[in-house]
Amino acid sequence: MKPSLNVIFVLGICNLLLIGSCTGKKATENAYPIEPVPFTSVHFTDQFWAPRLITNHEVTIPIAIEQSMLTGRIKNFEIAGGLKEGEFCSTYPFDDSDIYKIIEAAAYSLQSRPDPVLESRIDSLIYLIGQAQEEDGYLFTYRTIMGDNSHPWIGTRWEKVNELSHELYNLGHLYEAATAYFRATGKKELLDISVKSADLIADTFGWGKIEDYPGHQEIEIGLVKLFQVTGDKKYLDLAKFFLDIRGPGGEEYNQAHKKVVDQTEGVGHSVRATYMYAGMADIAALYRDESYIHAIRAIWEDIVHKKTYVTGGIGASGGNEGFGESYHLPNMSAYCETCASVGNIIWNYRMFLYDGDARYMDVLERTLYNAFLSGVSLTGDRFFYPNPLESYGQHERSKWFGCACCPPNLARTLPSLPGYVYAKTGTDIYINLFVDNTAHIDFRGTPVQIIQETDFPWEGNVGIIINPERKLKFNLRIRIPGWAREQAIPGDLYTFATPVGEPSLSVNGKTVQPKMENGYAIIRKTWKQGDTVKIEFPMDIRLLTADERVRDNREKVAVQWGPMVYCAEWPDTRDGHVLNLVFDREAAINTSFRPDLLNGVRVIGMQAAPAERTLSGEVLLKDPVEVTLIPYYAWNNRGAGEMMVWLPLSTGSVRPLPAPTIASRSRVSSDRMTKALIALNDQNEPKNSNDHTWPYFHWWPENNAWVWVQYDFEKPETVSGMRVYWFDDGPFGGCRIPETYELQYKKGSSWVPVTATSEYTITKDDWDELSFKPVTTNALRLRVRLPEEFSSGIHEWTVN
């Protein structure tokens, strides 16, 4: 017999991004060994995270609702429900999922900040979702509106679930939203919609039914949460089925190349991957299936030891929005999708809940303070999709995206963060993160209040006050972060180049040397009200180096303070350039807190010498200047411009300002005006046509057309030759070398083809050179014919 929903609700509220103290006995059997303290029991009072949670509630969530109205995402439900007429209004078949994530975000935020207006808006959205649901429980507005075979990703119902239809992906987010909103408000409407939908899925998919898997993992997580609320094990079994039926013989892109339990490496699309790994952790815990946990431990080590950026970001490649080869971690073309950071956070927390090892929290913390937080502006109304580690100004946060998965993902993650701070077992209370807060923890039936007093992450002093209702014996496990233990990151992908002191702990004023276990300092005692633990973490400026196999980071250092990675950004230099700076690691480094800058940040000062290239090809260094570094998460809040995380230490690793050539002094323009045009004359020669190390310009997604780029000279010049290096990201990308091209010069107000004295060649992975009869002109135009089915691009274009 199922426990009633009302009983489940009374039994407690879980952090729904976590798998924790689940509801009802049936749902807690074989759960994680460690139980999270729900975020509703932890109140942030700090100056770093608490204001961000307010901004998320007052700015980000309302903006997400507004943008969903403007882009037709909400109207899709109205049309599918017969309330309005028209065609599918937004861009992608998976746009339904954005509405579900917004509801989930609101649910978490409402539990901490009751808001009748927001709750009413969410109720209105839920009504529309119910109207859009078909009689048998099917819910997918694109097909309901447009019909079968109406999009290349969609065939008949369920036909392309393992490709790109996203039918099951959408439902995963629906189930997460439904369970969150039910627990936040007690309202069952969306939960009833989800149960009706999930019953259809359970009747349709399974052994002896449709034996297929979702092309984008997510429903596995949602089904587990639905099981935890309803106690109906068929949802849990269905989640396991979707994992067990996956592979072999499918695509590596969506992790279907092998059975999930046979996988040992992080491959393919990084968001799909981390959602799947999180789902596998749930199944490992709830079924006590060691094959699952064995697989994801191996995958975790592969990713953390070989494929993780120093910011905690994952996914090096934009082509597959995911993992590249081991140690392939380019900075400027780093993808590091914000959604992948969300997936990395929820996966690592599940790994901690299973293994109790601080290394997972180390990765979570690094991701949280850097790659994740970079995804949203300080004002809460601009967003990054990729989060690169280097930019020459081509990157800028956007108000919204056509594919808008990242903003609502940020919005649902931020209000859940208090749930990552504490956890417990029958004998232990864990302190995982350091934030000024007050928590109320039910420990074996006895209320325990824990207060943290700290200015972390700017300062390393943490005071912890323990207030149990009565004297109580338990182990307090305090995470000692890797950055305070000479471990930059688990494994040796990054190493501290500068030493640091040891953290110190005291209990009631007496220094203690607690036993360390799995990265936690364990203090065993009978606690009484007013007991105090004080920790002093060594907060020093740390320089990091990367494994030599990370080609882009050779002869460079990164800078870290506590868990925060720093960067150099254009507003903090005299001329707006940072990519041409060579830093002196031996010179004095200083730090100070700037309350007037970027909502208050600690800055770091270093010495660096600007580098310039001469016409002979040499690199000259000018006199050193002081450069201010800011936390990486805060970049691009003062406008677009140059930024870099990995700081060059030599002329061999820097990008000097270009030599004063005709091309470098020219004004660059095109029929497609983007900031990437700066790549054409930056004098950075690629290693091949698919080299993403240097900036490049492209016309994607345009194809089968004549296009152009143009140099306008400072003054009339006599020219007789040019070279061009084409960008081609085949076989997986959308650009190829062009069909043909033509060089023209400006004569009066007309464009005239040059008279070539050599052949027009079209070459991949090398320069094409063209000689022509000398002309005196003030501009050259390169006309390019794009292939019929592909676009094209240019790495470099020189003139002589």
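# Notebook: strands, helices and cysteines

**Entry 1: strand β18.** I began with β18, residues 564-569, and found it mostly covered, with six of its six residues buried. Buried here means under 20% relative accessible area, exposed means over 50%, and partly exposed lies in between (1.4 Å probe, protein chains only). The model is predicted: local features need pLDDT of at least 70, side-chain atom pairs count only at pLDDT 80 or more, and totals for chains, interfaces and linings use all residues. Residues are numbered from 1 along each chain as its sequence is written, and side-chain values use heavy atoms, with hydrogens and water left out. Strands (E, at least two residues) and helices (H or I, at least four) are DSSP runs, numbered from the N terminus.

I then sorted the β18 side chains by direction. M564, Y566 and A568 point one way, V565, C567 and E569 point the other way, and all are buried. In a regular strand the side chains alternate between the two faces of the sheet.

**Entry 2: partners of β18.** Which strands pair with β18 in the antiparallel sense over two bridges? I noted β17, residues 556-561, and β24, residues 642-644. Two strands pair if DSSP finds at least two bridges between them. I also logged β23, residues 625-631, which pairs with β18 in the antiparallel sense over three bridges.

Next I looked up the residues that face each other. W561 stands opposite M564 of β18. A568 stands opposite L629 in β23, and its bridge partner in β24 is M644. The hairpin of β17 and β18 has two residues between the strands, and G562 takes a positive phi near 55° there.

**Entry 3: the seven-stranded sheet.** I traced an open sheet of seven strands in the order β2-β6-β7-β8-β15-β11-β12, with antiparallel pairing. β2 (42-44) and β12 (510-512) stand at the edges; each has a single partner strand, so one side of each is left without a neighbour in the sheet. The twist averages 20° from one strand to the next. For such angles, axes are lines fitted to C-alpha atoms, for helices over the stretch in contact, and angles run from 0 to 180 degrees between N-to-C directions.

Seven of its eight residues are buried, so I marked β8 as mostly covered. Seven bridges join β7 (residues 446-454) to β8 (residues 461-468), and the two run antiparallel. A hairpin of six residues joins β7 to β8. T454 has V462 as its bridge partner in β8, and Q449 stands opposite N467. Six bridges join β8 to β15 (residues 531-536), again antiparallel. There, G463 has K534 of β15 as its bridge partner.

**Entry 4: helices α5 and α8.** How do the axes of α5 and α8 cross, and within what distance do they come? I read a crossing at roughly 20°, with the axes within 8 Å. The two helices are therefore roughly parallel to each other. That label covers angles under 35 degrees; over 145 counts as roughly antiparallel, 65 to 115 as roughly perpendicular and the rest as oblique. The crossing is left-handed. Left-handed means that the near helix is turned anticlockwise from the far one by less than a right angle; clockwise would be right-handed. The contact residues include Y100, I103, A107 and L110 of α5 and H173, A177, A180 and Y181 of α8. Contact means heavy atoms within 4.5 Å.

**Entry 5: helix α16.** Why is α16 largely enclosed by the rest of the structure? Eight of the eight residues of α16 (residues 406-413) are buried. Among them are C406, P407, N409 and R412. I looked up what covers these residues; the list includes α3 (49-70), α5 (96-112), α8 (167-185), α12 (270-287), α14 (338-355) and α15 (358-372).

**Entry 6: cysteines.** How many disulfides are there? I count a disulfide as a pair of cysteine sulfur atoms within 2.5 Å, and the count comes to zero. C89 is in no disulfide; the nearest cysteine sulfur, that of C403, is 18 Å away. C89 is partly exposed, with a relative accessible area of 32%. Then I checked C339. Its closest cysteine sulfur, in C406, is 3.5 Å away, too far for a bond. C339 is buried, with a relative accessible area of 2%.
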